[in-house]
Amino acid sequence: MENPISIHCPDSLDDAVAILSARPGARILAGGTDLLVKHRNGMLPNLTDFVDISGLRLQEIERESDSIIIGSGCTMTALAQSPLVADRFPCLAQGAIQVGAFQIRNCATIGGNIANGSPAGDTIPAMFCLDAMVRIFGPESRRTIPIAEFFTGPGKTVLRQGEIIESFALPDRRTFGVFFKLGERRAHAISKVSISVSCFESGQGRREFRIALGAVGPTVLRCRKAEELMTAAGWPPPSADLVDKASRLVMDASRPIDDIRSLKDYRKKMTGVLFIRAIDRLNARSYQLNNSGEE
Amino acid sequence: MPLLFGQIRKGVEMPKQETIRITFSLNGKLVETQVQPVLTLLEMLRRNFSLTATKEGCGKGECGACTLLFNGFPLNSCLKLAATLRPTDSVVTLEGLENDPLMGRLQKAYVDEGAVQCGFCIPGMVISSYHLLKHHPNPSSAQIKEALSGNLCRCTGYSKIEQAVVRAAREK
């Protein structure tokens, strides 16, 4: 018979970190939508304790000087419904609303989506595009890591035992963006390929681009060459040829594999297709009128 | 390898452990109970309170049969540990909506439209439908599909369920 598992519901970050540091087999329980499934499937053999962090008041979205701070305990529903997120970070709102189904989004948190480190996590490409900084609370001190340096492999991050993601800091600027994913169906699908394309005005007729791909590499990937091309070309893009050229750079940046959900060649091809769709959407008149990105 | 039903339940039935006392609001009343550390909200409702409208389908948050209202929002109760409930938390199950006029209308519409076959998914379906109509009294077809996308039904093919929600919205 397996060992009994304990549960702790601390009221402060200090207490949570103390328990996590003292118990090497302790795992952080946020929304539970991944962790409890793993536990049930017997995938957490070394688990000794759950540390429920829902009482740590990490659910706020607020402005702090020139950043927007998103608490790690923010649910996908809260992100998708936040006027501040919809106005500043449409790609993130769209990523959040495409996670799971409504019941899942009502408890799944952005901190969990990021800390799980799945290359297919649907908020991660948007967080890359938005230059998010991950604010980590640990036993000794706080530290802040750029999102691009946070992931070290599939399911692997720089988080050490005892550390908790407290929040994410995103530069407070109005971006235009989209997030698209391909899955087996619309709800409850894990991405086969996903893309976030986001840009902000950097001058008259100029936009600075960010492009990130999900589920086509060991971690989410930035497409820097395509970004440079799009940024240098000005906005709106001068020609379809240029967008085509950028789409090939996007495909080149992907490093997909064959797995249970999809095939390498299909995934690579679809990164380019989704990129062109994303640019079309950003350039559509309906998008200019309504920054929600919805059809 | 697919797990058999008995094996799946093993993770839930923990050996003798210290139990935790919790207090929370259940169907409008403040209640208190003792739970083992790793007992889901779903199992607790069925065992400790004999509230069996909430069903376990997949146990993984995919089928929606265990949907209930947690602090006003639909939630998969198979993915919530009972021990994490706080006195400020509110849980509403289908039993708690027995005398609710909107739920009554929904149930009648489901029956009238023939939207119920085996019935296993229906408690979750009507909870999701109820939340939708509470917040969107005249939902579009897309809104209905979106609201029910976390509830799987293997009998009806969904169209009668959608028609039932439309009927309940119409017959105010």
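## Strands, a helix, a core and domains

Reader: Let me start with strands: which residue in β5(B) stands opposite Ser25(B)?

Author: Ser90(B) does. Keep in mind that this is a predicted model. That pair belongs to a parallel pairing, in which two bridges join β1(B) to β5(B), residues 90-92.

Reader: And in which sense does β1(B) pair with β2(B)?

Author: Antiparallel. Strand β1(B) covers residues 20-26, β2(B) covers 29-35, and seven bridges link them.

Reader: How many residues lie between β1(B) and β2(B) in the hairpin?

Author: Two, and one spot in the turn deserves a look: Asn27(B) has a positive phi of about 50°.

Reader: On to helices. What span should the 20 residues of α11(A) have?

Author: Count 1.5 Å a residue and α11(A), residues 264-283, should span 28 Å; the end C-alpha atoms are 29 Å apart, which agrees.

Reader: Which residues of α11(A) are buried?

Author: Quite a list, including Met270(A), Leu274(A), Phe275(A), Ile279(A) and Leu282(A). Arg267(A), Thr271(A) and Gly272(A) are buried there too.

Reader: What's the general idea behind a core?

Author: In soluble globular proteins, nonpolar side chains tend to be buried together. Here the largest nonpolar core has 138 residues, and the members that touch the most others are Leu92(A) and Met127(A). The element that gives the most to this core is α4(B), residues 122-135, with seven residues.

Reader: Which residues does Met127(A) touch, leaving out those up to four places away in sequence?

Author: Leu92(A), Ile114(A), Ala132(A), Ile147(A) and Phe168(A).

Reader: Last one, domains. Where do the domains of chain A run?

Author: The assignment gives domain 1 as 6-52, domain 2 as 61-171 and domain 3 as 176-288. For domains 2 and 3 of chain A, begin with the C-alpha centres, which lie 20 Å apart. Then count contacts: 21 residues of domain 2 meet 23 of domain 3.

Reader: Which element supplies the largest share of the domain 2 side that touches domain 3 in chain A?

Author: α8(A), with five residues. Along with α8 (124-129), α5 (90-97) and β8 (151-153) of chain A each supply at least two residues to that side. By type, this side of domain 2 has 14 nonpolar residues, six polar and one charged.

Definitions and conventions:
Residues are numbered from 1 along each chain as its sequence is written. Chains are lettered from A and ligands numbered from 1 in the order in which they are written. This is a predicted model: local features need pLDDT of at least 70, side-chain atom pairs count only at pLDDT 80 or more; totals for chains, interfaces and linings use all residues. Two strands pair if DSSP finds at least two bridges between them. Helices (H or I, at least four residues) and strands (E, at least two) are DSSP runs, numbered from the N terminus. The expected span of a helix is 1.5 Å times one less than its number of residues. A residue is buried if 20 or more other C-beta atoms lie within 10 Å of its own, exposed if 12 or fewer, and partly exposed in between; C-beta atoms are placed from the backbone. A nonpolar core is a set of buried Ala, Val, Leu, Ile, Met, Phe, Trp, Tyr and Cys residues joined through C-beta atoms within 7 Å. Two residues are in contact if their C-beta atoms, placed from the backbone, lie within 7 Å. Domain bounds come from an automatic or database domain assignment. Ala, Val, Leu, Ile, Met, Phe, Trp, Tyr, Cys and Pro count as nonpolar, Asp, Glu, Lys and Arg as charged, and the others, Gly among them, as polar.
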